[in-house]
Amino acid sequence: MKSFHIFLALALLAFTFSYASAYDPSPLQDFCVAINNPFNAVFVNGKFCKNPNLTVANDFSFSGLNIPRNTGNQVGSNVTLLNVDRIPGVNTLAISLARIDYAANGGLNPPHIHPRASEILLVLEGNLYVGFVTSNPNRLISKVLNPGDVFVFPIGLIHFQFNIAKTNGVAIASLNSQNPGVITVANATFGTNPPINPDVLAKAFQLDEKVVENLQKKFGGSNN
């Protein structure tokens, strides 16, 4: 009887592990609401596939990534993302690429999150102060990168790049998702539509409500 109990325990353990090792595929969108009528549904976790016999080289290529982008905006940076929408051939391959241009003397790729991808960054020009913040308790991991240096930003963590050079900066980033997504922290906090109740943000950030309302106006999330 004792050996039977041991056998049963091992069988249940094996059964549990078989389920524990199974998992849903990583989502390629923010959410997917179930629907009963397929005629009103959309295809998720990738895009519909082209007939392989009809594919051409242009499905797998992009030209012009060598061209500098305009950084004349409030943060002084410009991200050119080559995801599945720009290179259809990366569909289902879990890869994408980005060129980031930074203005001289403070061009910033502001604190943001990629909810579906880790990122590896290669600096080509400029000197970038980069970093990411760990989950609670929050710790900053940062470093100044020079041309030729590489840095990794783990999936889902807030990270940034700031050009401290007197010249323009350029970096190339590779991400392990065809649609990594991006959540810019300031915009997502103060620029939502509809806006977050100022009382919530005032308490969360320990700010005067008027300060919160001014920030919401700046980022387009004003209640007015």
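**Entry 1: Strand 3 and its partners**

I looked up strand 3 and found that 2 bridges join it to strand 10 (residues 183-184), the two running antiparallel. The model is predicted, so I note that local features need pLDDT of at least 70 and side-chain atom pairs count only at pLDDT 80 or more, while totals for chains, interfaces and linings use all residues. Residues are numbered from 1 along each chain as its sequence is written, and side-chain values use heavy atoms, with hydrogens and water left out.

Strands here are DSSP runs of E with at least two residues, helices are runs of H or I with at least four residues, and both are numbered from the N terminus. Two strands pair if DSSP finds at least two bridges between them.

Opposite Ile 183 in strand 10 I found Ile 113. I then followed strand 3 (residues 108-113) to strand 8 (residues 159-163); 3 bridges join them, and they run antiparallel. In strand 8, His 159 stands opposite His 112.

I next traced an open sheet of 5 strands, whose order is 1-2-9-4-7 with antiparallel pairing. Which strands stand at the edges? They are strand 1 (77-82) and strand 7 (150-153); each has a single partner strand, so one side of each is left without a neighbour in the sheet. From one strand to the next the twist averages 20°. The angles behind such values run from 0 to 180 degrees between N-to-C directions, with axes as lines fitted to C-alpha atoms, for helices over the stretch in contact.

Strand 1 pairs with strand 2 (residues 96-102) in the antiparallel sense over 6 bridges. There, Thr 80 has Arg 99 of strand 2 as its bridge partner.

**Entry 2: Salt bridges**

Side chains of opposite charge can pair when their charged atoms come close. I applied the salt bridge rule, a side-chain nitrogen of Lys or Arg within 4 Å of a carboxyl oxygen of Asp or Glu. The count comes to 3 salt bridges.

Asp 59 and Lys 50 meet through their side chains in a salt bridge of 3.0 Å, N to O. Asp 59 counts as buried because its relative accessibility is 13%, whereas Lys 50, at 43%, is partly exposed.

I also recorded a salt bridge between the side chains of Lys 210 and Glu 213, at 3.9 Å, N to O. Both residues lie in helix 4 (residues 209-219), 3 residues apart, which is about one turn of the helix. Lys 210 counts as exposed at 56% relative accessibility, and Glu 213 as partly exposed at 23%.

**Entry 3: A nonpolar surface patch**

I finally looked at a nonpolar patch on the surface, formed by Ile 120, Leu 122, Leu 124, Val 150 and Val 152, which together have about 390 Å² of accessible area. Strand 4 (119-125) and strand 7 are the elements that give two or more residues to the patch. Strand 4 provides the largest share, 3 residues.

A patch takes residues with over 30% relative accessible area and no salt bridge; like charges are joined within 9 Å, and nonpolar side chains (Val, Leu, Ile, Met, Phe, Trp, Tyr) within 5 Å. Accessible areas come from the Shrake-Rupley method with a 1.4 Å probe, and for residues only the protein chains shown count as cover. I checked Ile 120, found in strand 4; Ile 120 is partly exposed, with a relative accessible area of 39%.

Methods
Buried < 20%, exposed > 50% of the residue type's maximum accessible area, 1.4 Å probe, protein only.
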